[in-house]
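Here is a briefing on helix packing and strand pairing. Look at the sequence and the model first, then read on.

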Amino acid sequence: MQLKQQEATGGLAPDATTPKVSPEKPSEKLPLGQAVSLASISGPTYVTSQLLVQQTAYKLSDKIFSFSPETFDLDLAVKDWSLAHEKNIHGETTTVVPLQTRAGAGAFALGYIFSKDFDLSKRHIPQSLLAPSLSLRHLRSALDQLSLLYGVASPFVAHIAAADYSINDGLVTEYESALQIAEELGLGLVSSSSAYEVQHMALFATLLAALLPSIHIYDGLRTARETLRVVDALGEASIAEIYTKVAKDVGALNKRLDTAGKVVELLRAFNNELGTAYAPFEYNGHEAPEVVLVVFGSAESQLAKQVVNTLAANGKKVGSINVRIYRPFIEEAFLEALPASVQQVVVLGQVRDAVAVDDASVQSALYSDVLTAISFADKWTHEPVVTDFKYAASVGHTPSSIASILNKFTDKDGQVEVALSSNSLDQVEQYTFWDVDDSTAVESPSVLSTVLAKESTNNVYIHKVYDNLLQGGVVRTDIRSSKKSIEAPYAVEAADVVFVGEEKLLKEISILAGVKSGGKLILRLPNFKTEDLEKRIPAAAQKGIQEKGLELFVLDSSYSTALEKDAQLLIELAFLQITRPEVTLEQVARFTKVDHDQATLVEFADSLKQCFSKVEVPATWAEITAEAVAPLVSVKTNSFVPFQKEESEEDLKLNNWQSVAKALVFKEAYGTRSSLRPDLTAKTFTIHVKENRRLTPLDYDRNIFHIEFDLGDSGLTYNIGEALGIHAENNPKQVEEFIQFYGLDANELVQVPSREDAAVSETRTVHQSLVQNIDILGKPPKRFFEGLAEYATDEAEKNKLEFLASKDGAEEFQSLSDVETITYVDVLERFKSAHPSFHDLVQIVAPLKRREYSIASAQAVTPTSVALMIVVVNWVDTKGRTRYGQATRYLSGLVPGTSVTASVKPSVMKLPVKDTAPLIMAGLGTGLAPFRAFVQYRAMQKAQGKEIGAILLYLGSRHKREEYLYGEEWEAYVDAGVITLLGAAFSRDQSQKIYIQDRMRESIKDIVQAYIQEEGSFYLCGPTWPVPDVTEVLQEAIATEAKASARKVDPRKEIERLKEDGRYVLEVY
């Protein structure tokens, strides 16, 4: 029995009586961090792109389904507007439905749209979705169903902030998933190139939803979060008027047009109404370019436009095409936008990570469309070369990086990196603030941004990023101030003034790389003494200050206690003194948000003369050598909020039976739910052992057994080639021995949050938790030794545990792990003074994981059962003890009737779509399991009178007498004409070892016919070692067929192609 605490799975809009709770700190998703009323968004307004997206979605939608992670704040404004009962253009309050990103996400929205109780009078009103791109993979199933049933659905548009999280790179701007899902499911996909047009594109995508389910995507890291002034923001009335008029035009579109034609006409009507000139593909650059860069994405489009225009003005024959409407991909419009002079088209295509960039078999989604359009066009006498220039989602582009890419294709020495700054920033004031996120002055940049924004002649741009993995949490704020509107979707690279609020940041971060030569650097140095200057500033910073000729200013906020307590005001005054020396004290009082009277302001202003001063930069700093400079790092955006220094952790509590009884009886009050293994992320089923028989002789050293389960009414279904996940248990006898050794009460109850889902609490006895939850008999990682050392009371044992967890102890740890195969229990028995309580122990011991085994049956043939073939993993350790693999030992000992918890995992092993496509299968040992299912299914088809393709089965094991696994079945299938060729390799039955690759080479003519000529599929299942040898045979077959047909083929590339086509499938371990 398990108790599951209630958790939110989404719901309708909050009740109007719920009081509005203001966040403790402003959100960068709101302009200047402040809430904005719906009516105030109009004309010249400070906004963020995300606010404009929310405004458009709120005004046009019946419901907004939001999948915003807590810190992303994608729905912050619409929630407030809904609570305030703001009306949409249909005269109703838009309902906001917050949902969680998880498997099956989107089902709630589908349920509403296709509900039998749906108000049909609202069928024409759009339904909207707000989500980051990381949610798309979980929404795929729902979007697929919506696409299939769209003819009877409401218009549906998903506004997607391109943002995902990478373990190595932090938050990344990720477009690839949107491009792929739009292509595969037939969705519309529109991209916003900048914050200035995001409102228009959100509106256009909503209109496009009348034709097909649509996605509107925009940069979720920079564009969505940067505060800026948009001078022509559409107000509520304008949105209503434009949408209503263009929606009528959609209804009047020529029904004979295909979808692409309708989109072109819709865009024309949209432009006519707004007075804009948007196009599916937009060209910029030289009038007769030789190299054209094709780009998709917000920052990518803006940067490419700026760079090619700058280079073209200098005579470079380069251009760029911004893909605004990716789906449908309107080839005619693309070819029309592409100048006839082009000789090379470079596709700047995003892929997931650096591995995909280096993998020659991976193509960007955009490249395939561009290549197809150009390949089938008759526009050129000499077709342009199309190159896929891939970049990882973690790459942040700048003018220099885009220029360097173009340089690779325009200059002879194309590897030279190019430094290029945007001309649009020549008259722009740029500032950068660096601080730790718990600084008392961390909000100073936000206040100063507001001060600058109040200057009506200026356009101010503010962007903040957090790196929570450096120095306990670092925050960087970039501010740009310009008389003209600018587009600079990248970090400040040449700041006029840089402020550093914490001196230790200079030791680790390359801060000075972002200061322009001759710029100003303000350092906050409490308790500063002139003679300590070189001690307080690291060598790298000294060298950078001297080389760039920076003016150095020091702010000593510890000059008085009052100043230190109110450092924020002091920093604001110091910054304004440097950047706005003409500002009077009266103006400062009006600008600043800090609540101070005039006398306090005067006191602080006077104090600046003593605590804020310019410092002479020693000439000797120029003599610092490169060897003396420690390498510095750059920040990575890995959060949208500061690092939460204190985390509340649920106590692991031992409860008595009375408390459990209360939770079971009063479920609503205690939030209790009983379920089968709720801690597991996979859907689980209870099945029962039907048969368990050994396939190898009792006197043979390998126990390979066939186990079959009765599915009963469990509801478990599986496809051919899938794997069965077994949620095995620890050996009860060994658990009891540990309980006795450790001095635990086996029947005492323990309530803990699940190891796999912190929202789930489980209540079990100590014995149950050790048998079913905790991998106490498993192999401990290094971090266990490190955690256990904290509990050691014996100094020698503590030192030993710390040594084993360190780099110096790596060799001994490796020996313990791989040679002695030590377990958690072994470690606890060896280091007896390290005796954490049970509550603490379960936090440092890993949870039991399910083990997956290839299914050896086809449900179409055996609908009420599922079979596995497994070998018991066992070995003798250095102490002479026989050890066993936890899961295989558990399964081998099960008797018929025993219940087992199981789940199903998809696999790459799938039958070809055509029944007549041949199968070439190679299995070693238990790797034969999925092929038994393949052959069962093809045998059933043949029995039904269907034509089936040839089956070539190669199997390998050590001895025929002991390990001819399912041998009688295979030979029966040969006699029945199901298996065409059976190539059995028993490696140790003769003096010369024979392996499956040898049997394959003997029948290479059959492989040529089945695999190459009849377009069969090859599968290998088992250990990894034969992969190179088996692949070599397949390459020989490809070369043999190519030679016979007088074709020139690269066998290695052909294998890669077959892999992409799903005709070369490996499942190895």
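**Helices α35 and α36**

- In α35, Ile1004, Ile1007, Val1008, Tyr1011, Ile1012 and Gln1013 meet Val1033, Leu1034, Glu1036, Ala1037, Ile1038, Thr1040 and Glu1041 of α36 (contact means heavy atoms within 4.5 Å).
- By class, this contact of α35 with α36 has nine nonpolar, two polar and two charged residues. Ala, Val, Leu, Ile, Met, Phe, Trp, Tyr, Cys and Pro count as nonpolar, Asp, Glu, Lys and Arg as charged, and the others, Gly among them, as polar.
- Helix α35 spans residues 1004–1013 and helix α36 residues 1027–1044; they pack at an angle of about 75°, with axes 9 Å apart.
- That makes α35 roughly perpendicular to α36 (65 to 115 degrees; under 35 is roughly parallel, over 145 roughly antiparallel, the rest oblique).
- Axes are lines fitted to C-alpha atoms, for helices over the stretch in contact, and angles run from 0 to 180 degrees between N-to-C directions.
- Helices (H or I, at least four residues) and strands (E, at least two) are DSSP runs, numbered from the N terminus.

**Basis of the model**

- This is a predicted model: local features need pLDDT of at least 70, side-chain atom pairs count only at pLDDT 80 or more, and totals for chains, interfaces and linings use all residues.
- Residues are numbered from 1 along each chain as its sequence is written, and side-chain values use heavy atoms, with hydrogens and water left out.

**Helices α1 and α7**

- The axes of α1 (residues 49–60) and α7 (residues 236–251) come within 10 Å and cross at roughly 60°.
- The two helices, α1 and α7, are therefore oblique to each other.
- Gln55, Thr56, Lys59 and Leu60 of α1 make the contact with Glu236, Ile239 and Tyr243 of α7.
- Three nonpolar, two polar and two charged residues form the contact of α1 with α7.

**Parallel strands**

- Strand β20 (residues 495–500) runs parallel to strand β21 (residues 515–524), joined by five bridges. Two strands pair if DSSP finds at least two bridges between them.
- Phenylalanine 499 stands opposite isoleucine 522 in β21.
- Strand β22 (residues 551–555) also pairs with β21 in the parallel sense, over five bridges.
- Leucine 521 has leucine 552 in β22 as its bridge partner.

**Antiparallel sheet**

- Six strands form an open sheet in the order β29-β26-β33-β24-β25-β30, with antiparallel pairing.
- Its edge strands are β29 (851–854) and β30 (865–871), each pairing on one side only.
- Neighbouring strands of this sheet are turned by 40° against each other on average, direction ignored.
- Four bridges link β26 (residues 723–726) and β33 (residues 899–905), which run antiparallel.
- Glycine 725 faces serine 903 in β33.
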